[in-house]
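Subject: Structure handover

Hello,

Here is the structure I said I would pass on. Please look through it first, then read the notes below it.

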There are 2 protein chains.
Amino acid sequence: MTATTVTPPYTYTKSREAFDRAFRVIPSGIYGHQGPSEGCYIPQTAFPLFSSRAQGTRFWDLDDNEYIDYMCGYGPNVLGYRDPDVDAAAQAQAKIEDVVTIPSAVMVDFAELLVDTVASADWAFFAKNGGDTTTLAVLTARAATRRKKIVFFDGFYHGVAPWTQKLDYPGILEEDVAHNLYAPWNDLAALERLFSEHRGQIAGLIAQPYMHGNFVDNQLPAEGYWAGVRKLCDDHGVVLIVDDVRAGFRLDLAGSDHYFGFEADLICFCKALANGYNVSALCGKESLKDVVSSLSYTGSYWMSAVPFAAGIASITKLKQLDGPALFERLGTELTTGLVSAASDHGLHLVASGAPALFYLRLADDDSLMLHQEWVAECVQRGVFLTSHHNHFINASLTSADIARTVEVAHEAFGIVKARHPELG
Amino acid sequence: MTATTVTPPYTYTKSREAFDRAFRVIPSGIYGHQGPSEGCYIPQTAFPLFSSRAQGTRFWDLDDNEYIDYMCGYGPNVLGYRDPDVDAAAQAQAKIEDVVTIPSAVMVDFAELLVDTVASADWAFFAKNGGDTTTLAVLTARAATRRKKIVFFDGFYHGVAPWTQKLDYPGILEEDVAHNLYAPWNDLAALERLFSEHRGQIAGLIAQPYMHGNFVDNQLPAEGYWAGVRKLCDDHGVVLIVDDVRAGFRLDLAGSDHYFGFEADLICFCKALANGYNVSALCGKESLKDVVSSLSYTGSYWMSAVPFAAGIASITKLKQLDGPALFERLGTELTTGLVSAASDHGLHLVASGAPALFYLRLADDDSLMLHQEWVAECVQRGVFLTSHHNHFINASLTSADIARTVEVAHEAFGIVKARHPELG
């Protein structure tokens, strides 16, 4: 490949200026995983920091650089940014009412749709954050069983409430995590030992439907694993909580538990529930409904009608499109193309997890530095990936977008290869 | 007053039908304080359950009954439902972008506006629930001081996170509330004793700007009380957290701490921040900014651009209107009229708290049953009050609305008086 064919990398002048302003009035400038202080955007200098507009599968940064976006707002963008059908439903609702002293009956319509759609759902409870629903699930498990302990799988992420943080994190007390138990993923024997050691003390087990942690290849459940976990929970009277905040509605509209052939007692949804409109939901079994009713749990905007209307439109459209089948097809097409582009340069790219939520790792270097370099070259040429987090597919992605993505990735692999003659 | 002048009370056929549907698919049908299972709507049969539309200071229920609404969505409605200026700003932003992988720079604009507006704010951190900000404040206090204990005032409400619930609530562990200390409101000597008893162990004190609890007359701070609390916190190195979720932007656009003549270290905003668009904010002093940056704290929708744009439009309009002065004038006009209407019937209505957030109690009966009866007659004639919660004024309320409210209240007092000859 000659120098003349190389796309010039983007520059981020206006994003950096905005960040200087942000840093003065916002802790960290941008906080959380969307900011430069966390691990997802490495190397930081390769990434833009502020967006100016978004449409479909693309966004533009403040310097008007264009990106094919594989992070999808960290999940909420499931149909495409500014989907016309969802936005029309939201705008129509906004012209009627949103947050009112007594809720809109559209809340009931949305709950009925979720109960019809999600296999393990007999009811739905709406809130705003994914973490609102994981906390509600843990409170429910403790109230239902009158036990204290909660089992987590190593590599978990269930939000930022104190009970789901770690003891060495600032502000967290030993009391916050005193009843947390940790088990290795995909090891049924280890889980069985843990359940036996704490017999009669475990209120709930909380798990993502498969292990999609950061900085490591994602791991699908081993054959028979979920059936074994379900049986263990039944035998020990433990409430089985699936945290489907990240994977929900991308693997299976009936729930990721349904996708893997079992039924959760409680299932947490958020990101892909309403194509970005702000709503989350805990769904669950009839046997736990009265327990949830007994809890003290509410919030200022939890009955906003606009996100409910958006959620109805979004799930309806995902059903019409058969979203999960589309995501699997597009994700497979993309990851196959990327792996092949790496191979053209003698490099070994590993794609793991479900294609709808693919995780990438360039395996020619254990330090992950080479992977970061490759991602940096992609981002600066308009393909937005992150180094150490799973990605997301949305329904507006096309085969033409994927072809362009693979073209950019190919160029980026070439740049990395040329920079590292030691790779041979 | 003759029978012919009596307004016929509303009926709620469609609301009850919708509630039957809701009860099948939602725990409690409607949960939290907006539902019939909690204490605010008593007697339950007097209240509608679902709304069909809202505009300005009014909403309509599913049976098309019209209400002048003094609950304002439990606070978010500060300018009037569907305010045209806020909605136009939100719609314009929605046509550009909302939730995107990297945030919109409108986040920075909103943070700068809050820092300019709120006296004690050197920075702003955005989330979705009021409880997101009270939890962040407590984590910040603990991380900053490396101490554990948090002081609450009796009658507090700071959301539904486990640390701010009570030990006898379902699902709550003794560990969740192990380091909570409770003090009586407006008793500086008692607070001083508590601080001395736990010297070097108290991380933070969290308080609403005045005591606006349920089921009791609301209590403003005694003369010199907040200055004394501020000094005690300074002397003991305790982080002073003001929970301004309920009163914020109704007493003073510079913060309720500013209204009462002191400065908080951290101040929590939510309800009136964006006229119902879903956003909350923790603001605070420069000395705590790096501590907040060190915490693990984020959420799926926390950087949605539409609520930021709505918040900028809402605060800008509140400044143009001098919202707090308007709320005080309207609230005073209303409560004066209501007290006078009660007096016409020989009844004694007590209005407490700030006029912008007035609390009502009919004092002729210690059981509060008489008060509930009066509220029920008002609601069923189109004046939406609740029995045991403070109310809220919004900027679209007019003197004509207040005159109509007093007229309905007068009729309702007459009905209650006629039903209870023992009142003399």
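Chain A puts 100 residues into the contact, and chain B puts in 100 residues as well; contact means heavy atoms within 4.5 Å. The area buried between the two chains is about 8,600 Å², with carbon and sulfur atoms giving 57% of it. Buried area is the accessible area (1.4 Å probe) that two parts lose on being put together, summed over both. Of what chain A buries against chain B, 10% is supplied by A:Tyr31, A:Thr101 and A:Tyr301, more than by any other three residues.

A note on how to read the values: this is a predicted model, in which local features need pLDDT of at least 70, side-chain atom pairs count only at pLDDT 80 or more, and totals for chains, interfaces and linings use all residues. Residues are numbered from 1 along each chain as its sequence is written, chains are lettered from A and ligands numbered from 1 in the order in which they are written, and side-chain values use heavy atoms, with hydrogens and water left out.

How the two copies are related

The strands around β7 of chain A

Helices (H or I, at least four residues) and strands (E, at least two) are DSSP runs, numbered from the N terminus. Two strands pair if DSSP finds at least two bridges between them. Buried means under 20% relative accessible area, exposed over 50%, and partly exposed in between (1.4 Å probe, protein chains only).

Strand β7(A), residues 202–207, is mostly covered, with six of its six residues buried. β7(A) pairs with β5(A), residues 149–153, in the parallel sense over three bridges, and A:Gly204 is the bridge partner of A:Ile150. β7(A) also runs parallel to β8(A), residues 239–243, joined to it by four bridges; here A:Gly204 stands opposite A:Val239. Between β7(A) and β8(A) the chain passes through helix α6(A), residues 225–236, in a right-handed β-α-β crossover. Right-handed means that, with the strands pointing away from the viewer, the path from the first strand over the helix to the second runs clockwise.

β8(A) is in turn joined to β9(A) by three bridges, in parallel, with A:Ile241 opposite A:Leu266. β9(A), residues 266–269, is covered on both faces: A:Leu266 and A:Cys268 are buried on one side, A:Ile267 and A:Phe269 on the other. β9(A) pairs with β10(A), residues 280–284, in the antiparallel sense over four bridges, and A:Phe269 has A:Ala281 as its bridge partner.

A:Thr134, in helix α4(A) (residues 130–145), is buried at a relative accessible area of 1%. Leaving aside its neighbours within four places in sequence, A:Thr134 is in contact with A:His158, A:Trp163, A:Ile206, A:Asp243 and A:Cys268.

The open sheet

Four strands of chain A form an open sheet of mixed pairing, in the order β1-β2-β3-β13. β1 (51–55) and β13 (383–384) of chain A are at the edges with a single partner strand each, so one side of each has no neighbour in the sheet. β2(A), residues 58–61, runs antiparallel to β3(A), residues 66–69, over three bridges.

Two residues with a positive phi

Most residues other than glycine have a negative phi. A:Asp64 is not a glycine but has a positive phi of about 65°; A:Asp64 lies in the loop between β2 and β3 of chain A and is partly exposed at 48% relative accessibility. B:Tyr74, also not a glycine, has a positive phi of about 60°. B:Tyr74 sits in the loop between β3 and α2 (84–94) of chain B and is buried, with a relative accessible area of 2%.

Regards
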